[in-house]
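Please open the model in your viewer, keep the sequence alongside it, and follow the stops below in order.

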Amino acid sequence: MPRLRYRIFSALALSGTVLALLLTGEQLALLTSWLPWPQGATVSGYSHVDKLMHAGMFAVCGYFIVLGWLTRNLQILPFFLGLLALGGSTEWLQGAIPGRSADVWDVVADAAGAAAGVALGLYLLRHHASPG
């Protein structure tokens, strides 16, 4: 039963990630207006908050995918490559969305987050009880 729960969480995480990445600029500003930092927070003109959000969303996806779908017969590489493709394609689509722009560093943040989530999930599978 726990594996099914992780599969549901992975589907919800992926759906939420795609939705968040494909919002218009105006919708995204409204959604993030409650966050505790100033809008457009930057370090030397570099928007770190955006990159942290990308990495965080993909880390959650990678983590739940590992716990929900990885088995001895099923390798993680196709799932990880799928997350990379998702990050690249949503970033490409953002170029056509009003108020959004495509940024290669967002794809890098997506990949780093996915790798961190996958690594954490693999660590937990190897060092703790199986999720189901």
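This is a predicted model: local features need pLDDT of at least 70, side-chain atom pairs count only at pLDDT 80 or more; totals for chains, interfaces and linings use all residues.

Now select residues 42–46, over which pLDDT stays under 50 and for which the model has six contacts beyond four places in sequence; a contact here means heavy atoms within 4.5 Å.

Switch to a cartoon view of the whole chain. The protein has five helices and zero strands, where helices (H or I, at least four residues) and strands (E, at least two) are DSSP runs numbered from the N terminus. Of the contacts between residues at least 6 apart in sequence, 74% join residues at least 24 apart. Buried residues make up 35% of the 132 residues; buried means under 20% relative accessible area, exposed over 50%, and partly exposed in between, with a 1.4 Å probe and protein chains only.

Select Thr-17 next, in helix H1 (residues 2–21). Thr-17 counts as buried because its relative accessibility is 3%, and, leaving aside neighbours within four places in sequence, Thr-17 is in contact with Met-57, Phe-58 and Cys-61.

Move on to Leu-22, in the loop between H1 and H2. Leu-22 has 32% relative accessibility and therefore counts as partly exposed. Beyond four places in sequence, its contacts are Thr-90, Leu-93, Ile-97 and Arg-100; the C-alpha atoms of Leu-22 and Ile-97 are separated by 7.4 Å, although the two residues are 75 apart along the chain.

Now select helix H5 (residues 104–127), whose 24 residues reach 35 Å from the first C-alpha to the last, close to the 34 Å expected at 1.5 Å a residue, that expected span being 1.5 Å times one less than the number of residues. At the start of H5, a side-chain oxygen of Asp-103 reaches to within 3.0 Å of the backbone nitrogen of Trp-105. Further along, the buried residues of H5 include Gly-113, Gly-117, Val-118, Gly-121 and Leu-122, and what covers the buried residues of this helix includes helix H3 (48–69) and helix H4 (77–94).

Which residues have the most contacts inside the largest nonpolar core? Select Phe-58, Val-66, Leu-70, Ile-76, Leu-83, Val-118 and Leu-122, within a core of 15 residues. The elements that give two or more residues to this core are H1, H3, H4 and H5, and H3 gives the most, with five. A nonpolar core is a set of buried Ala, Val, Leu, Ile, Met, Phe, Trp, Tyr and Cys residues joined through side-chain atoms within 4.5 Å.

Finish at Val-66, which, leaving aside neighbours within four places in sequence, is in contact with Ile-76, Val-118, Gly-121, Leu-122 and Leu-125. Leu-125, in helix H5, counts as partly exposed because its relative accessibility is 21%.

Note on methods: Residues are numbered from 1 along each chain as its sequence is written. Side-chain values use heavy atoms; hydrogens and water are left out. A polar contact is a pair of N or O atoms within 3.5 Å; within protein, one must be able to donate a hydrogen and the other to accept it, and residues adjacent in sequence count only if both atoms are side-chain atoms. pLDDT is the predictor's confidence in each residue, from 0 to 100.
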